[in-house]
Amino acid sequence: MRFVFPLLLALASVASPCAAEGRFALVLAEADYDHLRDLKNPVSDATAMAALLEDLGFDVTLETDRDARRTRRALDDFAADAAGASLALVYYSGHGTEVQGENRLLPTDTLVDSPEALAASSLPLSEVVATLAAVAPSAILLVDACRNDPFAGTPLEDLSRGAVPLAIDGPPPAIAPGFARVGRAEGLVYAFATAPGDTASDGTGEHSPFAEALLRHLSTPGLELRTALTLATQDVYDRTRGDQTPYFESGLPDLIFTAGQPGALSERDALLLAMADLSPDLRTEIERLAADRKMPLAPLYAALLSADLAEKGATARSAALIEAADAYADFQAKLLLLSPTDPRVAEVRAAATSDMDLGAVATAFDRYDEAAALDAEAAAASEDVFVARTVSQAETLLLKADAARSRLDHATALAAFAEAEALLARIEPLGLPRTAMKARTGALWDVGDLQVLLGNTGAALAAYQAWQGIAAARSAATPDDAELLRDLEVSHNKIGDVLAASGDLAGAMAAYTAAQALAAVLADRDPQDRKGQSDLAVSHIKLGDIRANQGDAAGAEADFRVALAVMQQLAARDPANADWQRDLAVAQERLGDTLISRGNLAGAEAAYRAALAIHEALAARDPTNLDWQRDLAVGQEKTGDILAARGDLAGAEAAYRAGLVIAERLVAEDPANSLWQRDLSVSHNSIGDLLLQQGDLAGAEAAYRRALVLREALAAQDPANSDWQRDLSVSHSKLGDVLSSLGDLPGAERAHRTALAIAKALAARDPSNTEWQRDLSVSGERLGDVLLSRGDMVGAEAAYRASLAIAETLAARDPANTEWQLDLAISRIKLAFFTPDPRAGLDQALALLLQLQDQGRLPANYVAVIESVRSTLASLPAP
């Protein structure tokens, strides 16, 4: 195949351009070997390269399948013919290897009896370089060698097969696959098919990957040669998915250009050049994800570069790349299901798919628009095909939407999803095939998910509710259809997630309850359906979370126990399933949280330790999985909490510090990760609590201040984030406590007033949030303590009374909530001395504490409170 382009090679910085007769090229190909494994493509590679070079104005000599003698003769003849040339080029395609530290090209009669015989019968690459240097001031050497396993089945097989280790003991191997690195040479540009020490592919098509890339890019008008070689290098790297990366070096004093008028770079070429500038770490990250997902590299590079992910933190970048990979997987899944009836549409979609694989997403967009227009035109022209062609048009738009998502182009994706859904909605009354029905609700699902990702909760809720309405109507019409019921269940859960995140706990509860009822129906229908059983467990966890936030600890415990039982069965069925193991740990931790609030410390410890064991096993299975490392840190934190509550301070400290080590390592890995920053602040606060309990006030203050710095930064980053605002309030409160103990009462008052102001704002935002109400009560009480110490009796009494009012409301709401009962007891103790009869308040508090003790719900550190109250009562005058 000849490549005919009106191009020339010219020296860019030379006063007068070289004449055509001053360019000479020798093209060598070795494929039919006497003693080595034959190759399929070298002759076709060399023939095409010779044609290209002739079209570029070279005087070309083509030699194929020559033995050592004739190869040397060809090189000598080239030296004579090209003497005095302005530019000389040698292209070699065939086997090549490193023998005793020297790079060698292997003619067809190369001997393989021993390393010495191999060296004697092959051609040193250095001779080719010397010839080029002798005949022209500027030269190009292109070597497509180092093919895989040339010595298979020969006496040299054991000396050559396998990769070269980076570090070895003893002398280097006699024969190494691939070439050794060649240093920069003045006046010479050389390019090799693969990196030093690696092997190159012969190719599965008409040409090897390297030859194909050279033929594609050396002919581009207006490109400087090194730019063309960069494009070829990245092209091979991308199309082989990182398995082969060519490399080149240039020692030319002048830039060499392919002549002709340069045009704008194609989207593909612009991507390849940008890829070349990325760091090795970023390339490795892309390669790993692409290998894991079995997908091309280019779509991930397109996402990385179009969304400027290189400038983001590791976690944000990883999440975005995973989003892009997921979208590409959705794109591929749709392709398998779609088969347009119009061959023109099929052809355009196929071209767009090829563009996608090459990272040319914008070009793919244009093709999808073309395909959609073909369907729209056909639908408008004939009522007989109106539905079918409209469905096909919508399918093309859904492909475009997934293509846009894979590039992280959310605006284009949303527009395409919305247009596709509108088309399907218009024709659903006319009768939609099952796949089109699913496509319509799937589009709404995707729109909702994208809006959540973008922070547009109102738009997300609208999309999910539209989806739910459609799913409800369809399932009502065919109630025995499990797939439609599951679709409806998921829509309820999605709505619940949005409402819960927005603080509408009642609405979230209603949505989750509806989802749980459907999950139960589906699980009962098919107890062996693992997906259905998993959905049932998840629905109970979601309900349990809402009940816990509403103060219904008993209801939350019941939900978490159901979820735990289901997950234990699933995990037992498949212990190797990491997702189910992780879900089981989550269920254990949720149960542990609830048991603490109900005063069952022994049960909570058992649950936390079971979860911790799972986290430790997963983290050990894959130490590079940062999510599992974080799970382990959180598990250590929860274990430390329960041990501290049970009085095991040494055990608590060990757990906290183990969690701190992981948290610090994660933050060092990605300082921009806000979640990991928060985790680190929690670790510092936990250690501060422990040090305070042990009497190390200075250490506690230092730990609290480290946590406060982190939380101030997070709250400033997103003032609307209620969780971070609450964290900030808690940090100020803890700092106020330790400053009070250190005698810095003005500092303590400032800290507690800041904490109280934040707590008031949050409680006003959602009065039904019992956690925020308790925070307000505790903050008021802490401020009262400081005001009392400063002699402000009026201010202290007002703070205590406000705190007690909230504590009484919460304790009455759920008598089983141990934490709230303890809060009430402490509030009564503190306010007792502001009443005419302190004994009454103290008696009430003591009775409540003793009741908790009798029920086994009293934390170990509260036993001293009982003794203190008794001592105080004994010191009061008799009534």
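Which backbone oxygen does the side chain of S597 reach? The side chain of S597 reaches the backbone oxygen of T594, at 2.6 Å. The model is predicted, so local features need pLDDT of at least 70 and side-chain atom pairs count only at pLDDT 80 or more, whereas totals for chains, interfaces and linings use all residues. Residues are numbered from 1 along each chain as its sequence is written, and side-chain values use heavy atoms, with hydrogens and water left out.

The chain contains 34 helices and 12 strands; helices (H or I, at least four residues) and strands (E, at least two) are DSSP runs, numbered from the N terminus. The C-alpha trace spans about 125 × 75 × 55 Å along its principal axes.

Of the 879 residues, 53% count as buried (buried means under 20% relative accessible area, exposed over 50%, partly exposed in between; 1.4 Å probe, protein chains only). Among contacts with a separation of 6 or more, 67% are between residues 24 or more positions apart, where contact means heavy atoms within 4.5 Å.

The chain carries 77 positive and 126 negative charges, whose mean positions are 5 Å apart. Lys and Arg count as positive and Asp and Glu as negative, while His and the chain ends are not counted. The place of a charge is taken as NZ of Lys, CZ of Arg, CG of Asp or CD of Glu.

S597 lies in helix 22 (residues 578–597) and is buried, at 14% relative accessibility. Beyond residues up to four places away in sequence, S597 touches A553, A816, N817, T818 and E819.

D235 is located in helix 7 (residues 225–239). Its relative accessible area is 1%, so D235 is buried. The side chains of D235 and R268 are joined by a polar contact of 2.6 Å (a pair of N or O atoms within 3.5 Å; within protein, one must be able to donate a hydrogen and the other to accept it, and residues adjacent in sequence count only if both atoms are side-chain atoms). With neighbours within four places in sequence left aside, D235 is in contact with R268 and also with A213, R216, H217 and L272.

D355 is placed in helix 12 (residues 343–357) and counts as buried, with 11% relative accessibility. Residues up to four places away in sequence excluded, D355 touches A360, T363, A364 and R367. F365 is 10 residues from D355 along the chain, and the C-alpha atoms of the two are separated by 9.3 Å.

Two loop residues other than glycine have positive phi values. R241, with phi near 55 degrees, is in the loop between helix 7 and strand 11 (247–250). R241 is partly exposed, at a relative accessible area of 41%. D308 has a phi of about 55 degrees and is found in the loop between helix 10 (298–306) and helix 11 (314–337). The relative accessibility of D308 is 52%, so this residue counts as exposed.
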